[in-house]
There are 2 protein chains.
Amino acid sequence: MKRKKISKEEILEVAKSLFLEQGYEATSIRKIASRIGISPTTIYLYYKGKTEIVHALHSAGFELLKKKFETLHLVEEPFERLKAMGRCYIDFAIENKGFYEIMFIMKEPLKYLKNSEKPSCDSEWEEGKTAFHALISTIEDCMDNGYFKHYDSHTLALLIWAHMHGLCTLNNNGQLELVNNKTDMTIQETESILKQSFEVYSQMLKNI
Amino acid sequence: MKRKKISKEEILEVAKSLFLEQGYEATSIRKIASRIGISPTTIYLYYKGKTEIVHALHSAGFELLKKKFETLHLVEEPFERLKAMGRCYIDFAIENKGFYEIMFIMKEPLKYLKNSEKPSCDSEWEEGKTAFHALISTIEDCMDNGYFKHYDSHTLALLIWAHMHGLCTLNNNGQLELVNNKTDMTIQETESILKQSFEVYSQMLKNI
DNA sequence: TTTGAAATATTAACAGTGTTAATTATCTTT
DNA sequence: AAAGATAATTAACACTGTTAATATTTCAAA
């Protein structure tokens, strides 16, 4: 018997909440289906498989980050804008741990890209590249104002991204907490260390 | 019928090769067992479960890194030693991608710690802390020689580790390759960018 | 040497997974 | 009403980690 009309969005919505609260492996097609009230195989009429669903979430996450980044143009001074961008990134990683993992840590979404895309022009990852080029152009704005003399903007973008990514993943994975001498640190305390570290890094960058 | 006498080490050896060549999720207890030539449930007589096996590999990985770090005392000048440490870390991450993932990215080994350790003194992660303190003391040696004035050694260690970790994970996950404008980059080219980035970072650190 | 407990491995089974093929039910158009 | 397209279903396959119950082997004591 036919239950109701289902849409891709409805499936993605449920998948999202399950993924974010229980993780990728713990979220099964059957769980998603039963929460919607449909048969498991119905999902395959809308998505080719689990990896396509997680890739859709990967894209949704980048949409979210993009929205967050759009407020940055309000900060006029380039170096201040770069710092604001860093804080944006950190906030995003803290507030959306699940999305961050899907976007930057999990291998499945990128694997999906490599396999699904037309095999001629090798996989694009447009979402990631767009975000990265936003960083590059901010850095180049800084250079126009006298910062980062004798550095290559692309290399610098790589360094800064790597730094932010490292901080965020160490925090989200719990290593930052474990490595600290103070026992029984609250999440807030750990996150404040993360943010402090970033401020120190900004100061470093200013004077290179 | 009884096949042969099995040891924990034998299981771990097979588990290691399977984990490293096929990944955590793709490696099943049954695959490990069949490669040894025993019944799947026999493994549970030696390890409590899959997470205990991956935790054992986690420890083996840290043992390996420790060995690599032990050669560092040959470098006398502190800042040069710090740089050598960085190169060591990068080399380890490149040459042992599987181990690196188990040690620093996967959540299971740390989850195992949190659950298994005596619940009074909250989980220790001795392996990671030891490596981190090696970094701290090298930084303090640098400080004694005039580097890093007005910085806190612990904070600096965090920053440097985060930076290295970020570079390595972005490389090992493929983002470094995807973000580059040059198409069809070889692994060697990507890794050389990684190492170059590190050299730039070292130069930055020298002058803060 | 026989007996019996300890050690070691095995089979059977449970509850779950992603995914495909074949089938049924409903809606739309002629 | 009949036919075709659409949308959902059930059944099944080949897996997964893990537990309980069972079998086999080893080895020391009687």
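Colleague: What covers the buried residues of helix 10 of chain A?

Modeller: The cover includes helix 4 (78-95), helix 8 and helix 9 of chain A, together with helix 8 of chain B. Helices here are DSSP runs of H or I with at least four residues, strands are runs of E with at least two, and both are numbered from the N terminus. A residue is buried if 20 or more other C-beta atoms, placed from the backbone, lie within 10 Å of its own, exposed if 12 or fewer do, and partly exposed in between. Two residues are in contact if their C-beta atoms, placed from the backbone, lie within 7 Å.

Colleague: Before we go on, what kind of model is this?

Modeller: This is a predicted model, in which local features need pLDDT of at least 70 and side-chain atom pairs count only at pLDDT 80 or more, while totals for chains, interfaces and linings use all residues. Residues are numbered from 1 along each chain as its sequence is written, and chains are lettered from A and ligands numbered from 1 in the order in which they are written.

Colleague: Which are the buried residues of helix 10 of chain A?

Modeller: They are A:Ile193, A:Leu194, A:Ser197, A:Phe198, A:Tyr201 and A:Leu205. They cover an arc of only 140 degrees around the axis, so they sit on the same side of helix 10 of chain A; the arc is that of the directions from the helix axis to the C-beta atoms. On the other side of this helix, A:Gln188, A:Ser192, A:Glu199 and A:Gln203 are exposed.

Colleague: And what should the 20 residues of that helix span?

Modeller: At 1.5 Å a residue, helix 10 of chain A should span 28 Å, and its end C-alpha atoms are 29 Å apart, which agrees. The expected span is 1.5 Å times one less than the number of residues.

Colleague: Stepping back, how many helices and strands does chain A have?

Modeller: Chain A has 10 helices and 0 strands, and its C-alpha trace spans about 70 × 50 × 30 Å along the principal axes. Buried residues make up 32% of its 208 residues. Of the contacts in chain A with a separation of 6 or more, 60% come from residues 24 or more positions apart.

Colleague: How many residues does the contact take from chain A and from chain B?

Modeller: The contact takes 32 residues from chain A and 32 residues from chain B. On the side of chain A that touches chain B, the elements that give two or more residues are helix 7 (126-144), helix 8 (153-173), helix 9 (175-178) and helix 10 (187-206). Helix 8 of chain A gives the most to that side, with 11 residues. The residues of that side divide into 15 nonpolar, 12 polar and 5 charged, where Ala, Val, Leu, Ile, Met, Phe, Trp, Tyr, Cys and Pro count as nonpolar, Asp, Glu, Lys and Arg as charged, and the others, Gly among them, as polar.

Colleague: What rotation superposes chain A on chain B?

Modeller: A rotation of 180 degrees with 0.0 Å of shift along its axis does it, with an RMSD of 0.0 Å. The two copies are thus related as by a two-fold rotation axis, the superposition being by least squares on the C-alpha atoms of residues with pLDDT of at least 70 in both. Of the interface residues of chain A, 100% are also interface residues in chain B, so the copies meet through the same surface.

Colleague: Now the DNA: which residues are closest to DNA strand C?

Modeller: The closest are A:Ser28, A:Ile29, A:Gly49, B:Ser39 and B:Thr41, out of 21 residues that surround DNA strand C. A residue is near the strand if its C-beta atom, placed from the backbone, lies within 6 Å of it. Helix 2 (29-36) and helix 3 (50-70) of chain A each supply at least two residues of the surface near DNA strand C, and helix 2 of chain A gives the most, with 3 residues. The residues of this surface divide into 7 nonpolar, 7 polar and 7 charged.

Colleague: Is B:His150 buried or exposed?

Modeller: B:His150 counts as exposed, with 5 C-beta neighbours inside 10 Å. B:His150 also has a positive phi, about 65 degrees, although it is not a glycine, and its place is in the loop between helix 7 (126-144) and helix 8 (153-173) of chain B.
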